[in-house]
Amino acid sequence: MNSVAESRTAMRSCGAGLVGLEQAGTELQIAGWVHRRRDLGGLVFLDLRDRSGVLQASVGPGWSAEEAVAAARELRAEDVVHVRGTVEPRPEAARNPEMATGDVEVRVSELRLLNRARTPAIPVRRAPGEELPSEDLRLRHRVLDLRRPELQTALALRHRMLLATRNYFDSQDFLEIETPALTKPTPEGARDFLVPSRVHPGEFFALPQSPQLYKQLLMAAGFDRYMQIARCFRDEDLRADRQPEFTQIDVEASFVGPEDVYRWCEGLMAALAPVVGVEAEVPFPRLSYDEAMERFGSDRPDLRYDLEVRDLTAALGGLEAPVLRSATGAGGRIRGLLVEGGASLSRKQIGGVEAAAKAAGAPGLLWAKMGEGGATGPLGRFLEEGTAERLGMAVGDLLLVAAGADLTTSPALAAARAAVAEAAGLRRRTAHAWLWVTGFPVFEEAGGGALAAAHHPFVRPAAADLPLLDSDPLAVRGLAYDLVYNGAELGSGSMRNHDADLQARILEMLGLGRDEIEAKFGFLLRALRSGAPPHGGVALGADRMAACFSGASSLRDVVAFPKTTAARALFESAPAPVASDDLAELGLRLAADPGRE
């Protein structure tokens, strides 16, 4: 709620959290929930809450009707009430600087109970330091959970972020165009949610994994600049940063190159910065994919602190440590992190860093602490005289080492880097670290010599790498890029294949036959052959952005009704069984149905 006037309705003069000293002496109507009740005998204090905040109301003889006093004494937490009263300054000793409305109270003349609440299954009001109930319990009682000010603040921030996004892209001459929610099943990297057609038995729609193909069709149709706040659906395993349905800020434009997309995205982040409370100094730095993986072990490195992965093969390759010798003998490298002051970490803390590396796929980490008497630890006993000095390892430092193929050591060291930065409390050079990672590979290995799309099948290869499509496809770099903020990927995009023959060739390299290509992507190829312009764009994760900007630890804190990591909606108990008659109407029958043939 932005102002007193804008929050006025038939039952309220303004939001509870908008009342201040400037309204002293004014009679107001306030409606909301009972946040807390304190009965002092002859006087009852009520904290009334709505999404604008909390306001103290006092009910007592002398200014309140008798029925109001009686009703106030019967109120319970989360009852819904309407009061009429006069705004009065609180006595100086009774003012509460922790409340936005802490200088005033409403002396209630009339009180009406609008709805009685059952005893809440989970508390909405928490004492300082009190832990939240378990997440499953909160999701089962999501309506109560959503009354918490933290969640209401996060969802309000999300609203302002998306409003500012629309306004920004409108100022850049983009059109918001809605694309279908019932579409054609096509492989885009995750499993589709399928929707059976009642009208066409045996045939299915898919919920869109993204508007990718439709926005390319719009470019072929001549809509030079498109954007959409789009709902997307992917039937994939969930994590804290994944939901089966999510929202993305989808952007596409014609006659552009990567620099245009960078400029628009940076302009958007600069426009959002004052709205969501971050800093966004443009232009953002850039790293190639290869450089990011080499220096940080990750294609979304957190650049808030200075700690880089180092190639230690030359320095440590001659040591007698069996693990190191085995790795280099198999063609691997020795890479590691030198953590200044890290020797202060306890064995338990280092164990936590090791656990993070193992969870990322490493067999383990070797480590050494440098003390006044020399190096200690599993690696320390192998360090030869002078090795620590050559590494630049000083007293008080910690060395973490992983050995093997880069595909194993890179994610392990990236996980170790994040874990040790937190454990050691490394000094951050900035609170808001932005980064473009560019030049992603077009393909990745899918096993058995097959290729898979590293991003998606529509990324345009860099012109210089086109000759490598036949000879060394894994070396082909694409005009693809990711926007990273504080180690989180906020968005991903690329230039697209506007040449139909090149697009068909890439689909064939991904293992699709010509008939399958025609069946699944014929409509796209026909659009490209109609005279499609060069085009490209980006998709920014709205949920991820809202979580990062609000400081939420999970996407579930910025989504009103999220799913659990088991893909269940606990509040409404979904998914749920469907009656056999309803399935039959769709031409379906469960394989476990006793009546099946």
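Of the 597 residues in this protein, 47% count as buried, where buried means under 20% relative accessible area, exposed means over 50%, and partly exposed is anything in between (1.4 Å probe, protein chains only). What you're looking at is a predicted model, so local features need pLDDT of at least 70 and side-chain atom pairs count only at pLDDT 80 or more, while totals for chains, interfaces and linings use all residues. Residues are numbered from 1 along each chain as its sequence is written, and side-chain values use heavy atoms, with hydrogens and water left out.

Let's start with the whole thing. The C-alpha atoms fill a box of roughly 90 × 75 × 60 Å, taken along the principal axes. Inside it there are 17 helices and 22 strands; these are DSSP runs numbered from the N terminus, with helices being H or I of at least four residues and strands being E of at least two. Now for contacts, meaning heavy atoms within 4.5 Å. Among those with a separation of 6 or more, 67% come from residues 24 or more positions apart.

Next, find helix α10, residues 347-359. Its 13 residues reach 18 Å from first C-alpha to last, close to the 18 Å expected at 1.5 Å a residue (the expected span is 1.5 Å times one less than the number of residues). Which residues of α10 are buried? They are Ile 350, Val 353, Glu 354 and Ala 357. Seen down the axis of α10, these buried residues fall within an arc of 100 degrees, so they line one face of the helix; the arc is that of the directions from the helix axis to the C-beta atoms. Here's the background: an α-helix has 3.6 residues a turn, so residues three or four places apart point the same way. On the other side of α10, Lys 348 and Ala 359 are exposed. And what do the buried residues of α10 pack against? Their partners are β14 (366-371), β16 (398-404) and α12 (406-424). Just after the helix, Gly 361 takes a positive phi of about 115 degrees.

Two strands count as a pair if DSSP finds at least two bridges between them. β14 and β16 pair in the antiparallel sense over four bridges, and Lys 369 has Leu 398 in β16 as its bridge partner.

Now move along to strand β20, residues 480-485, where six of its six residues are buried. Ala 480, Asp 482 and Val 484 point one way, while Tyr 481, Leu 483 and Tyr 485 point the other way. β20 runs antiparallel to β17 (residues 434-438), joined by five bridges, and Val 484 in β20 is the bridge partner of Leu 435. Six bridges join β20 to β21 (residues 488-495), again antiparallel, with Gly 493 in β21 as the partner of Tyr 481. β20 and β21 form a hairpin with two residues between them, and Asn 486 in the turn has a positive phi of about 50 degrees.

What about empty space? Rolling a probe the size of a water molecule over the atoms shows where empty space is left. On a 1 Å grid over the protein atoms alone, a cavity is a set of points where a 1.4 Å probe fits but cannot get out, and a pocket is an open set with protein on both sides within 12 Å along at least five of seven lines; lining residues have an atom within 4 Å of a point. Grid points are joined across faces, edges and corners, and a volume is the space filled by probe spheres set on the points. By this rule there are three cavities of 30 Å³ or more. The second largest cavity holds about 50 Å³, and its lining includes Leu 139, Arg 142 and Phe 561. The second largest pocket has about 1,100 Å³ of space and is lined by 36 residues, with Arg 49, Ser 52, Gly 53, Val 54 and Pro 149 nearest its centre. α4 gives the most to that lining, with eight residues.

Finally, look at Arg 95, in the loop between β4 (80-89) and β5 (104-115). Arg 95 is partly exposed, with a relative accessible area of 28%.
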